[in-house]
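Thanks for coming. I will go through one structure today, starting with charged pairs and ending with pockets.

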Amino acid sequence: MNFKKTFILTAAVAAAFTMVSCKEKKSAAASGAEEIKESVFAVNTFKTSAGNLDDYLEFGGDVSSVSAIDVLPDTSGKITQTLVSIGDRVKKDDIIAYVDASRPGMNYAASPVKSPVSGTVTAYPYTIGATVSPSSSIAKISDTKELQIKVNIPERFVSRIKLNQKAAITFDSYPADVFTAVVFEVSPVLDSVSRTMAIKLRIEPEDPKVRVGMYARVKLVTESVHDVIVVPATAVVTRDGVAYLFVVSDRKSAKGNTTVDMVPVKLGISVDNKTEITEGIKAGVQIVVKGQTLLNQGDSVTVLSVVNEDK
């Protein structure tokens with residue numbers, strides 16, 4: 001009998017010990033699970049500030065002289081002598097060529113062809129022996145000091161064009177240089193065949209690097225905003241049709257990690273991977289620009305680097 005009591009007592013103690021041990025293990029497991037539950041995401045951030053943003057249209061155009069005059073001979077005949085070449089400077093009434101109007105049985109003195117204005121010879125298509133008439137332009141005299149850029153604007157962009165618009169001009173000859181220009185003439189009509197509208201821009205200030213005949217790449221500024229919050233377009237996350245930015249919060253998580261807030265924002269214009277923020281955030285806050293696609297409200301993050309941070 002005593003042996004049975006002892007056995008039962010021993011078994012009860014062992015069972016109690018086992019239960020306590022299991023509870024401790026469960027408690028430890030639960031504690032471990034709680035520690036693993038808080039994920040920390042590595043991100044890069046951008047410090048916002050007020051800036052400017054210009055929207056633009058991009059076209060190609062040709063550089064030409066504002067003033068260009070065709071030189072026409074007084075009579076029909078063959079060119080017997082040329083006195084100038086492309087690039088030469090001439091004065092008004094300078095002789096640039098001679099035309100012989102002689103025909104079989106009829107001999108005439110060569111007729112001089114004079115420049116009607118002073119300027120630079122920018123075209124000289126004929127050579128000695130070529131036959132010309134009073135309607136043939138044997139040369140073009142231009143004032144190369146005053147240049148313009150001619151651009152044809154497709155019909156769908158006409159509403160965004162106006163006088164005195166500014167433009168940034170680049171040339172393949174000078175890829176590192178950016179020139180400025182202003183729209184000074186807008187055609188009142190469209191070409192019925194190409195459905196384009198012609199505009200002219202003047203380079204300001206004048207620059208000797210720019211020459212007649214060069215091909216210009218034109219960025220025509222159509223809208224400008226100033227002193228606004230401009231952020232990388234890739235920082236914006238759209239969920240259920242709403243645009244958000246993840247902003248680094250001052251609050252810490254239970255484990256002392258940095259957290260982020262999911263802030264709804266309103267967007268303005270977007271240009272070259274930059275977006276204007278009209279509502280939602282202010283200058284000086286840090287927004288997540290890399291690693292934001294996996295984030296949610298209140299998530300913990302580790303900031304690896306801050307772009308545009310004040311020094």
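**Salt bridges, strands and pockets**

Arginine 160 counts as partly exposed because its relative accessibility is 31%; buried means under 20% relative accessible area, exposed over 50%, and partly exposed in between, with a 1.4 Å probe and protein chains only. Before the rest, the ground rules: this is a predicted model, where local features need pLDDT of at least 70, side-chain atom pairs count only at pLDDT 80 or more, and totals for chains, interfaces and linings use all residues. Residues are numbered from 1 along each chain as its sequence is written, and side-chain values use heavy atoms, with hydrogens and water left out.

Back to arginine 160. Which residue does arginine 160 form a salt bridge with? The partner is aspartate 55, and the closest N and O atoms are 3.4 Å apart. By salt bridge I mean a side-chain nitrogen of Lys or Arg within 4 Å of a carboxyl oxygen of Asp or Glu. This pair links distant parts of the chain, 105 residues apart: arginine 160 is in the loop between strand 11 and strand 12, and aspartate 55 is in strand 2. Strands here are DSSP runs of E, at least two residues, numbered from the N terminus. Aspartate 55 counts as buried, because its relative accessibility is 16%.

In general, side chains of opposite charge can pair when their charged atoms come close.

Arginine 251 and aspartate 261 meet through their side chains in a salt bridge, 2.5 Å from N to O. Arginine 251 lies in strand 17 (residues 242–252) and aspartate 261 in strand 18 (residues 258–264), so this pair ties together parts ten residues apart in sequence.

Glutamate 279 belongs to strand 20 (residues 274–279) and lysine 266 to strand 19 (residues 266–271), so the pair ties together parts that are 13 residues apart in sequence. Glutamate 279 is partly exposed at 44% relative accessibility, and lysine 266 is partly exposed at 48%.

Next, strand pairing. Two strands pair if DSSP finds at least two bridges between them. Strand 14 (residues 196–203) pairs with strand 11 (residues 147–154) in the antiparallel sense over seven bridges. Strand 14 also pairs with strand 13 (residues 174–186), again antiparallel, over five bridges. Look at leucine 201 in strand 14: isoleucine 149 stands opposite it, and leucine 201 is also the bridge partner of valine 183.

Last, the pockets. A pocket is an open set of points on a 1 Å grid over the protein atoms alone, where a 1.4 Å probe fits, with protein on both sides within 12 Å along at least five of seven lines; lining residues have an atom within 4 Å of a point. How much space lies in the largest pocket? About 200 Å³. Its lining includes Leu53, Lys166, Thr180 and Lys219. Strand 2 (50–65), strand 12 (166–171) and strand 15 (215–232) each supply at least two lining residues.

The second largest pocket holds about 150 Å³ of space. Among its lining residues are Thr144, Leu147, Arg202 and Pro208.

Definitions and conventions. Helix = DSSP H or I, 4+ residues; strand = E, 2+ residues; numbered from the N terminus. Points joined across faces, edges and corners; volume = space filled by probe spheres on them.
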